[in-house]
Structure formats: C-alpha cells, structure tokens
Amino acid sequence: MSNLSATGKQLFAPPCGASEGDDVFMKKIICKVEYDTDTAELVQKRTFGAFGDPDGYEESLYKTPTGKYFLYTVGGVESKYTTEGIKRMSAATAESWLAQA
C-alpha cells in the first residue's frame with residue numbers, strides 16, 4: 001500500500017506541523033536503543049483512509065542499521081493512532097505484520 005493516490009497526492013493527513021508532501025521524521029529511545037525514521041530503512045508502509053479522513057491512519061515498518069524493527073504510526077483525530085508514535089517489534093512480529101498485507 002502507498003500513501004499516494006494515482007495522481008501522486010498524499011492520502012492521509014500529515015502529523016501536526018507538517019504539510020502535505022513533507023518528509024516526516026521521528027526519533028524515540030526505547031530501552032536505550034534509538035529508533036529513528038531518518039536513519040532506518042523503510043520496509044513497508046500501509047495507509048488506511050483518504051487524505052483528511054479523521055479515521056485514517058498510516059503504519060510504517062522500519063529496520064534500523066543494527067537490524068532492529070519498529071513500527072511508526074500516525075493518524076487522524078478519530079483514528080486508532082491519534083498521536084504519532086514508535087513501537088519496537090521483534091523480527092518475528094515484523095514478519096507476521098508483513099504477512100498480513
């Protein structure tokens with residue numbers, strides 16, 4: 001899934017302070033490990049809903065340079081991700097998440 005429509009427009013509302021089309025980066029330290037969307041490899045992104053949809057959200061699976069996985073989430077005000085966040089994942093959980101596609 002992509003966060004772009006056939007015309008190249010972004011389908012979900014970007015996080016607070018960002019504009020449509022901006023690259024959005026987030027960094028969080030969990031258990032002394034840094035998870036940074038700017039330095040990690042994007043494995044897969046899934047978008048649910050249309051641009052501006054308050055129920056819409058996005059999940060992006062990343063892999064750090066050291067091989068750790070994390071899920072970056074962001075969504076509309078009525079979605080299951082009302083604030084952007086990062087959740088660490090085991091390799092097995094990441095594989096399971098990928099298999100759900």
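**Close-up views of a predicted model**

**View 1. Y35, Y62 and F70 form one aromatic cluster.** Rings of Phe, Tyr and Trp (for Trp, the six-membered ring) are paired here if their centres lie within 6.5 Å, with planes under 30 degrees apart counted as stacked, over 60 as edge-to-face and the rest as tilted. This is a predicted model, in which local features need pLDDT of at least 70 and side-chain atom pairs count only at pLDDT 80 or more, whereas totals for chains, interfaces and linings use all residues. Residues are numbered from 1 along each chain as its sequence is written, and side-chain values use heavy atoms, with hydrogens and water left out. The structure holds four aromatic pairs. In one of them, the ring centres of Y35 and F70 are 5.4 Å apart and the planes stand at 70°, so this pair is edge-to-face. Because Y35 belongs to strand 2 (residues 33-36) and F70 to strand 5, the pair ties together parts that are 35 residues apart in sequence. Strands (E, at least two residues) and helices (H or I, at least four) are DSSP runs numbered from the N terminus. The rings of Y62 and F70, with centres 5.2 Å apart and planes at 10°, are stacked.

**View 2. The largest nonpolar core has seven residues: Y35, A40, Y62, F70, Y72, V74 and I86.** Such a core is a set of buried Ala, Val, Leu, Ile, Met, Phe, Trp, Tyr and Cys residues joined through side-chain atoms within 4.5 Å. Strand 5 (residues 69-75) gives the largest share of this core, three residues. Y35 has 4% relative accessibility and F70 a relative accessible area of 0%, so both count as buried (under 20%, with exposed over 50% and partly exposed in between, for a 1.4 Å probe and protein chains only).

**View 3. A second, separate core of six residues includes Y69, M89, A94 and W97.** In strand 6, M89 is the bridge partner of Y69. R46 lies over the face of W97, at 3.6 Å from the ring centre, where the criterion is that NZ of Lys or CZ of Arg is within 6 Å of the ring centre and within 35 degrees of the ring normal.

**View 4. Four strands make an open sheet in the order 3-4-5-6, with antiparallel pairing.** Two strands pair if DSSP finds at least two bridges between them. Strand 3 (41-48) and strand 6 (85-89) are the edge strands, each pairing on one side only. Strand 5 and strand 6, which run antiparallel, are joined by five bridges.
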